[in-house]
Amino acid sequence: MPDQPAPKLPPLPAKTPAPGDEHPWKEPARRTAWVAGIYCAVLAVALIFSYFQSRQVNPVDHPRLVALKAALVQKPTDENLKQQIRELDLELRAAYFRHLARVQRSGWLLLGGVLVLLPALHFATWRRRLPRPGKYVVRPDLFERDARLSRLAVTAVAVLGAGLAVWAVKSAHSDLDVVLAKQAAPAKAQISPAPAVDASFPSREEMARHWPRFRGPEGAGVSPYTNVPVRWDGESSEGILWKTPLPYGSPNSPVVWSNRVFMTGGNSGQREVFCVDADTGKLLWQRPVGKPGKRLPPEDEEGRFYATSTCATDGRRVFAIFETGDLAAFDFQGQPVWQKSLGKPDNQYGHSASLELYKNLLIVQWDQADEEAGKSVIYAFNTATGAEVWKTAPRPVGASWSTPVVASAGNRTLLVATGNPWLMTYDPDTGAEVWRAQVCHGEVTPSPIVAGGLVITANEELVATKPDGTGDVTKTHVLWKQLDGIPDICSPLSDGKYVYLLTSSGILTVYELATGKRQYEHELEMEFKASPALAAGKLYLFGENGVTILAAAGPKFQELGRNKLSDLVFATPALMEGRIYLRGRNQLYCLGQKAP
Amino acid sequence: MRETARTAAMAGLGVLVGGIALKTGASHTVWQIDPYKCSWCGLCATACVLQPSAVKCVQIYPMCGYCKLCTGYFEPEPNALNTAAENQLCPTGAIKRRALEDPYFEYSIEEELCIGCAKCVKGCTLFGNGSFHLQIRHDRCVNCNECSIAVVCPAQAISRVPADQPYKFKSREHHA
């Protein structure tokens with residue numbers, strides 16, 4: 001084959017990529033990459049700088065601070081040194097926490113920068129891939145097809161992988177999740193407030209038709225009904241409409257509104273409010289209050305009472321307070337309305353004052369510590385929201401266990417509260433003090449009452465105080481005092497003519513209300529914890545052994561009958577129309593005659 | 001093409017095996033400090049991958065003596081028993097002191113400020129009841145595979161514990 005001259009090749013084109021090799025986003029991506037790169041670099045340098053700088057402001061064992069503190073040991077009275085330490089300490093702490101905040105902020109900013117930089121770099125350096133040698137040299141037309149199929153296969157695998165990863169994350173139980181769930185569990189059990197609440201409140205007349213608080217309307221222990229049961233028998237079940245076992249043997253009293261009976265109960269670990277149907281005795285609901293704690297061993301609980309405060313109801317909600325300081329409101333269906341904690345009070349036997357209601361206010365007597373501590377106050381909370389409406393000035397009394405009453409006395413409405421050593425009255429609308437009298441002594445447990453236009457207190461002495469004073473009325477308004485038969489637990493009772501006192505050892509002492517003259521003293525030879533009650537001219541004296549003595553009200557003792565239940569009785573029963581709701585240690589009894 | 005399919009199949013199999021291994025793996029555990037082994041070296045504050053550290057001081061109230069002169073709160077030989085900076089041991093002021101009935105004071109930890117430096121733990125353990133001690137707080141800890149504090153802990157006090165019992169608190173009973 002003759003030699004032929006080599007064909008003359010056309011000159012090589014300038015170094016510009018062939019059309020299609022250039023990505024359309026390449027130029028903007030290149031610029032973005034530059035900006036993001038510089039941004040990230042600046043942030044990274046700032047972070048490194050901040051790291052080294054932070055080592056100089058680390059408040060732990062800072063050399064200058066250590067030296068200053070050492071110098072102070074040598075010169076303990078040098079005020080200048082102290083000032084220098086304080087200033088440096090503040091400066092180091094502030095700088096350290098500023099540094100931490102800066103690092104956290106910069107970290108997020110850097111992450112944002114990197115998220116922009118990486119895709120920008122990808123497109124800025126994008127180049128069309130050259131066909132690989134091999135089969136594509138012979139069949140270059142296959143390259144495009146295989147490349148497309150490869151891309152599809154990789155995408156499918158990526159989708160599968162992502163799906164599996166999501167499944168794994170969803171189904172895997174992270175170790176920290178276990179811990180965090182455990183930590184969050186008590187918080188979830190917490191009661192969340194209901195969105196809408198009924199802000200209305202009952203009138204005094206409406207309250208008087210029910211048994212809304214400890215010892216009924218105005219805390220007087222007097223039932224307005226004349227058909228309260230007088231005869232029942234635990235053995236034959238005669239006169240017992242129903243009885244129902246209770247979840248707790250706590251000594252607080254039942255409160256009743258319409259066909260609902262409310263009580264609370266608890267042990268060393270938990271506290272609950274519960275509701276019983278007054279017609280059937282069925283336990284309708286029980287709800288926990290506050291965080292449950294570790295329960296004491298049974299031997300340590302032995303002989304102690306928990307949930308001693310009686311709850312209160314305004315016909316819309318029921319309110320309960322416990323010795324832990326937990327205060328809660330539930331509606332009649334058992335739905336939580338609000339709850340709060342007042343903190344555990346400093347009270348050697350545990351808080352036991354019950355709740356009082358006035359208009360739309362829930363009144364909490366929160367006496368604690370000693371009289372000098374200034375920790376005792378009375379709160380009024382909005383019944384619908386739980387918001388604090390007023391709080392009295394610190395009360396000059398120590399811990400007490402009596403329940404306040406709001407009652408009409410001397411042409412005005414007074415909130416009456418006792419504590420050692422003061423009987424104090426307040427304006428229930430504002431919490432402003434009206435008057436005080438130094439007539440209380442010892443461990444104040446029996447609650448005050450208002451009867452016959454007088455305030456009656458029985459705390460180591462029986463005192464009748466006129467309610468129309470202001471300021472300190474100890475020397476001006478105390479009508480009379482007596483010292484015999486003073487109860488230690490049971491509250492006094494009055495029918496407007498006489499005052500009846502019942503000691504826990506069973507001595508019934510009666511005084512004339514107007515004069516303080518003693519009428520009689522009678523030994524009942526039984527133990528009593530429940531306060532006496534009165535209905536239709538009859539005294540109801542509920543013995544701890546389950547025996548209730550009925551006696552005629554008046555200046556002479558006359559026993560009208562005895563009724564026995566096989567249960568211990570610590571709580572003051574509720575005396576309603578045709579019924580008595582009596583809480584025993586184990587059961588709630590509804591006493592009354594079945595309809596013929 | 002065949003190569004791609006093979007790679008995809010292997011990757012899928014890998015994910016599946018990994019998933020099964022994850023499900024059937026060892027019981028859940030988290031890192032925690034044994035307070036009885038801790039030597040209060042202060043490395044918890046600096047070695048944790050988090051800043052500030054996930055290690056915080058905790059106060060065991062039933063063990064606390066409610067001392068007026070708390071050796072976990074005050075510098076040794078404090079100038080005065082008050083809250084002034086020159087008297088406080090905590091470098092970040094994370095311990096709050098509250099007067100109760102004289103002569104008792106309550107000490108509580110503000111975790112946001114605590115950096116886990118263990119200065120208070122050392123003071124309380126050497127001279128007090130030992131109610132202050134360090135714990136890894138699991139609302140902060142990210143539960144690394146290898147805890148960077150455990151690596152440097154000179155007392156080897158950090159180990160994995162069951163996640164349903166994530167804390168190792170000191171107790172009066174243990175001391176008794």
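User: Which residue forms a salt bridge with A:D146?
Analyst: This is a predicted model, in which local features need pLDDT of at least 70 and side-chain atom pairs count only at pLDDT 80 or more, while totals for chains, interfaces and linings use all residues. Side-chain values use heavy atoms, with hydrogens and water left out, residues are numbered from 1 along each chain as its sequence is written, and chains are lettered from A and ligands numbered from 1 in the order in which they are written. A salt bridge here is a side-chain nitrogen of Lys or Arg within 4 Å of a carboxyl oxygen of Asp or Glu. For A:D146 the closest N and O atoms are 3.4 Å apart, and the partner is A:R145.

User: Which residue forms a salt bridge with A:D346?
Analyst: The closest N and O atoms of A:D346 and A:K375 are 4.0 Å apart. In chain A, A:D346 lies in the loop between β10 (336–341) and β11 (356–358) and A:K375 in the loop between β12 (361–366) and β13 (377–382), so the pair ties together parts that are 29 residues apart in sequence; helices (H or I, at least four residues) and strands (E, at least two) are DSSP runs, numbered from the N terminus. A:D346 is partly exposed at 32%, and so, at 41%, is its partner, A:K375.

User: How many disulfides does the rule give over all chains?
Analyst: A disulfide is a pair of cysteine sulfur atoms within 2.5 Å. The sulfur of B:C67 is 6.1 Å from the closest cysteine sulfur, which belongs to B:C70, and this is too far for a bond. The sulfur of B:C124, a buried residue at 6% relative accessibility, also has B:C70 as its closest cysteine neighbour, but at 5.9 Å it is too far for a bond. Over all chains the count comes to 0.

User: How far apart are the end C-alpha atoms of helix α3 of chain A?
Analyst: The helix covers residues 79–124, which is 46 residues, and its expected span is 1.5 Å times one less than its number of residues.

User: Which residue caps the N-terminal end of α3(A)?
Analyst: A polar contact is a pair of N or O atoms within 3.5 Å; within protein, one must be able to donate a hydrogen and the other to accept it, and residues adjacent in sequence count only if both atoms are side-chain atoms. Here a side-chain oxygen lies 3.0 Å from the backbone nitrogen of A:N80, and the capping residue that supplies this oxygen is A:D78.

User: How far does the backbone nitrogen of A:V406 lie from a polar atom of the side chain of A:E356?
Analyst: A:E356 is found in strand β11 of chain A, and at 2% relative accessibility it counts as buried. The distance from a polar atom of its side chain to the backbone nitrogen of A:V406 is 2.8 Å.

User: What is omega for the cis peptide bond that joins B:D102 and B:P103?
Analyst: Most peptide bonds are trans. B:P103 lies in the loop between β3 (95–99) and β4 (105–109) of chain B. The bond that joins B:D102 to B:P103 is cis, and its omega is about 5°.

User: What is phi of A:R215?
Analyst: Most residues other than glycine have a negative phi. A:R215 lies in the loop between α7 (204–208) and β1 (222–223) of chain A, and it is buried, with a relative accessible area of 1%. Its phi is positive although the residue is not glycine, with a value near 65°.

User: How many helices and strands does the secondary structure of chain B come to?
Analyst: From the N terminus on, the elements run α-β-α-β-β-β-α-β-α-β-α. Buried residues make up 45% of the 176 residues in chain B, and its secondary structure comes to 5 helices and 6 strands.

Definitions and conventions. Buried means under 20% relative accessible area, exposed over 50%, partly exposed in between (1.4 Å probe, protein chains only).
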